[in-house]
Amino acid sequence: MSNLDLTLPKIYSEAQDFMPLNGTDYVELYVSNSKQAAHFYKSAFGFQSFAYAGLATGLKDRESYVVVQGAIKLVLTSPLKSKTAIGKHIDNHGDGVKVVALWVNDATAAYETAIGKGARSYMKPIITDYQDGKMVRSGIYTYGETVHVFVERTEYTGHFLPGFVKWETPDFNPPSVGFKYIDHMVGNVKLGQMNTWVGFYEEVMGFTNILTFDDKDISTEYTALMSKVVSNGNGRIKFPINEPAQGLKRSQVDEYLDFYEGEGVQHLAVATDDIVGTVRALRSRGVEFLQIPNSYYQTVLDRVGHIDEDIDSLQELGVLIDRDDEGYLLQIFTKPIEPRPTLFFEIIQRKGAQSFGKGNFKALFEAIEREQAVRGTL
Ligand code: FE2
């Protein structure tokens, strides 16, 4: 049991857990240059070299570098030739998340349950059983071209996944910045599709809709969006799903859908125990964050009350604060990490609060609108 389980509100136990999920296994991004992307995630974000599969292991069509930090594993995959499914994905979407892999005890049962409840198949159960023991994987589609791969590693003793070897880089291992685990992953879907995908996670995977934000909760003078959060039974997997809402100008979700050319993962929120130390380290390594106006900090403590952290440090770094019935949270958002304004990271530190920073939505979305205005996409 992790600390996370001890603080879960009762609502998580109401999920129908017909598909037990142990947690996120890995997240795979299709990227145009996996070797350089791995360097970026090490040097800028503090990930560590972990695993490799490619030409040197006998693959002819793709190369993957795997980096790790805390419980988070990112797989960075590029094609080695033209006209591949991976290359087409990159051509359509830019660099982006293809696979959100879920760790299960029985990947065959998870697949059959999901398919039986209407999921679209991505990969029938594949069993590999060599000297490293048995691994079973299967997969289903979710929104857009994004997929969930179920990973059963109960009887597997090898490194990461079959076909991968250890990736060791004795001369270049920048330290961790303190990422612990994935707190939540957000998907952006088209207008009218939020409830479709909430229904998918409820019916196909036994998730529960734990929070709902309408366009009045998430709006500024100009733009709006709607969001619902679904969680699995043990609360380790939380997927907020956003859809655009009518506003005077085009929302960040519209901008994402245009540039990603479809539905997909908008951000990965990673947990830290020390957001000030983590964000200082990230800034010193060149990671750029959304700018929050000083006026936010003049009134924030009136809204959230006492916090343990030094407010001047939070203001200097642009960290946002919110409180709910169970405690408070600290959060900050990077700028998009690639040329298309699509994927970004959130850094979050929870101090009791299990919510998502509703009190910060307005300040956050105004910050995004300023960025959109610079890009000419507002
Ligand atoms: Fe988030």
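Let us start with the loop between S4 and H3, where Lys-83 lies. In this predicted model, the phi angle of Lys-83 is near 60°, a positive value in a residue other than glycine. Most residues other than glycine have a negative phi. Lys-83 is also exposed, and its relative accessible area is 83%.

Glu-261 sits in the loop that links helix H6 (252-260) to strand S14 (264-271). Its phi is near 55°, again positive in a residue that is not glycine. Glu-261 counts as exposed because its relative accessible area, 52%, is over the 50% cut-off.

I turn now to the division of the chain. The domain assignment gives domain 1 as 10-166 and domain 2 as 179-375. To their contact, domain 1 contributes 50 residues and domain 2 contributes 47 residues. The C-alpha centres of the two domains are 24 Å apart.

What do domain 1 and domain 2 bury between them? The area is about 3,800 Å², with 64% of it on carbon and sulfur atoms. Which elements give two or more residues to the side of domain 1 that touches domain 2? They are strands S1 (23-30), S4 (72-79), S5 (96-104), S7 (133-141) and S8 (147-152), together with helices H2 (34-43) and H3 (85-93). Of these, H3 supplies the largest share, five residues. By residue class, this side of domain 1 divides into 25 nonpolar, 18 polar and seven charged residues.

Polar contacts, by comparison, are found in 13 residue pairs, with both residues of each pair at pLDDT 80 or more.

Finally, I would draw attention to Thr-169, in the loop between strand S9 (165-166) and strand S10 (182-188). Is Thr-169 buried or exposed? The residue is buried, because its relative accessible area of 16% falls under the 20% cut-off. Which residues does Thr-169 contact, leaving aside its neighbours within four places in sequence? With those neighbours set aside, the contacts are with Lys-42 and Ser-49. The side chains of Thr-169 and Lys-42 are joined by a polar contact of 3.1 Å.

How values were computed. Residues numbered from 1 in each chain as written. Predicted model: local features only at pLDDT ≥ 70, side-chain atom pairs only at ≥ 80, totals over all residues. Heavy atoms only, no water. Domains from an automatic or database assignment. Contact = heavy atoms within 4.5 Å. Buried area = accessible area lost by both parts, 1.4 Å probe. Polar contact = N/O pair within 3.5 Å; in protein donor to acceptor, adjacent residues only side chain to side chain. Helix = DSSP H or I, 4+ residues; strand = E, 2+ residues; numbered from the N terminus. Nonpolar A, V, L, I, M, F, W, Y, C, P; charged D, E, K, R; others polar. Buried < 20%, exposed > 50% of the residue type's maximum accessible area, 1.4 Å probe, protein only.
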